[in-house]
Amino acid sequence: QVQLVESGGGLVQAEDSLRLSCAASGRTFSRHSMGWFRQAPGKEREFVAAIDGIGEITFYSDSVKGRFTISRDNAKNTVTLQMNSLKTEKTAVYYCAAEGAPKNYRGSAYYTRPENYDYWGQGTQVTVSS
């Protein structure tokens, strides 16, 4: 059974840093693109960051570019999201996602769409207070 388990969420102050981790089990995702999305109360799930299967290409939403860093360790089947300078409006549940099958590069827009990911974690809450 494939599982993605997020960890590292919590309550932080604005401008603080937080590091989220996603551990995959049940299969290896070493060649699959993986991403992070978030969903705030009453809002749609939105793209945060993604990384290709090899870990050489990364993608970020404009709102986090320069503050967040996505990385992966294929030997450990994990992906992390380092978040710096967190903003209060970004309180949300953060989800890890993975492709079901490895694919060649398909343009940056592909990685931002949740429908292109087949596996999802349960999410981890990140609350940013002022």
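The model is predicted, so keep the thresholds in mind: local features need pLDDT of at least 70, side-chain atom pairs count only at pLDDT 80 or more, and totals for chains, interfaces and linings use all residues. Residues are numbered from 1 along each chain as its sequence is written, and side-chain values use heavy atoms, with hydrogens and water left out.

Let us start with the charged pairs. Taking a salt bridge as a side-chain nitrogen of Lys or Arg within 4 Å of a carboxyl oxygen of Asp or Glu, the count comes to 3. One of them joins the side chains of K87 and E15, at 3.3 Å from N to O. K87 sits in the loop between β8 (78-83) and β9 (92-98), and E15 in the loop between β2 (10-13) and β3 (18-25), so this pair ties together parts that are 72 residues apart in sequence. The strands named here are DSSP runs of E with at least two residues, while helices are runs of H or I with at least four residues; both are numbered from the N terminus. K87 is partly exposed, at 27% relative accessibility, and E15 is partly exposed too, at 47%. For these labels, buried means under 20% relative accessible area, exposed means over 50%, and partly exposed is in between (1.4 Å probe, protein chains only).

E15 has a further feature in its backbone: a positive phi of about 75 degrees, although E15 is not a glycine. Most residues other than glycine have a negative phi. N77 also has a positive phi, near 60 degrees, and is likewise a residue other than glycine. N77 belongs to the loop between β7 and β8 and is buried, with a relative accessible area of 13%.

Another salt bridge brings us to R38, whose side chain meets that of E46 at 2.7 Å, N to O. Is R38 buried or exposed? R38 counts as buried, at 1% relative accessibility, whereas E46 is partly exposed at 33%. R38 is placed in strand β4 (residues 34-39). Its side chain also takes part in polar contacts, meaning pairs of N or O atoms within 3.5 Å; within protein, one atom must be able to donate a hydrogen and the other to accept it, and residues adjacent in sequence count only if both atoms are side-chain atoms. If contact is taken as heavy atoms within 4.5 Å, and residues up to four places away in sequence are not counted, R38 touches a list of residues including E44, V48, F68, K90 and A92.

The remaining salt bridge pairs D62 with K65 at 3.4 Å, N to O, and both of these residues are exposed.

Now for two strand residues. T69 lies in strand β7 (residues 68-73) and is partly exposed, at 42% relative accessibility. The C-alpha atoms of T69 and Q82 are 5.0 Å apart, although the two residues are separated by 13 residues along the chain. Neighbours within four places in sequence aside, T69 is in contact with Y60, T80, L81 and Q82. S129, in strand β11 (residues 124-129), is partly exposed as well, with a relative accessible area of 22%. A polar contact of 3.4 Å joins the side chains of S129 and Q13. Leaving out residues up to four places away in sequence, S129 touches L11, V12, Q13, A14 and T88.

N116 is found in the loop between α1 (108-111) and β10 (119-120). N116 is buried, with a relative accessible area of 18%, and a polar atom of its side chain lies 2.9 Å from the backbone oxygen of Y110.

Finally, the largest pocket has a volume of about 180 Å³. A pocket here is an open set of points on a 1 Å grid over the protein atoms alone, where a 1.4 Å probe fits, with protein on both sides within 12 Å along at least five of seven lines; lining residues have an atom within 4 Å of a point. Among the residues lining the largest pocket are R31, D52, I57, K103 and Y111. The lining divides into 5 nonpolar, 3 polar and 3 charged residues. In this grouping Ala, Val, Leu, Ile, Met, Phe, Trp, Tyr, Cys and Pro are nonpolar, Asp, Glu, Lys and Arg are charged, and the others, Gly among them, are polar.

Terms used. Grid points are joined across faces, edges and corners, and a volume is the space filled by probe spheres set on the points.
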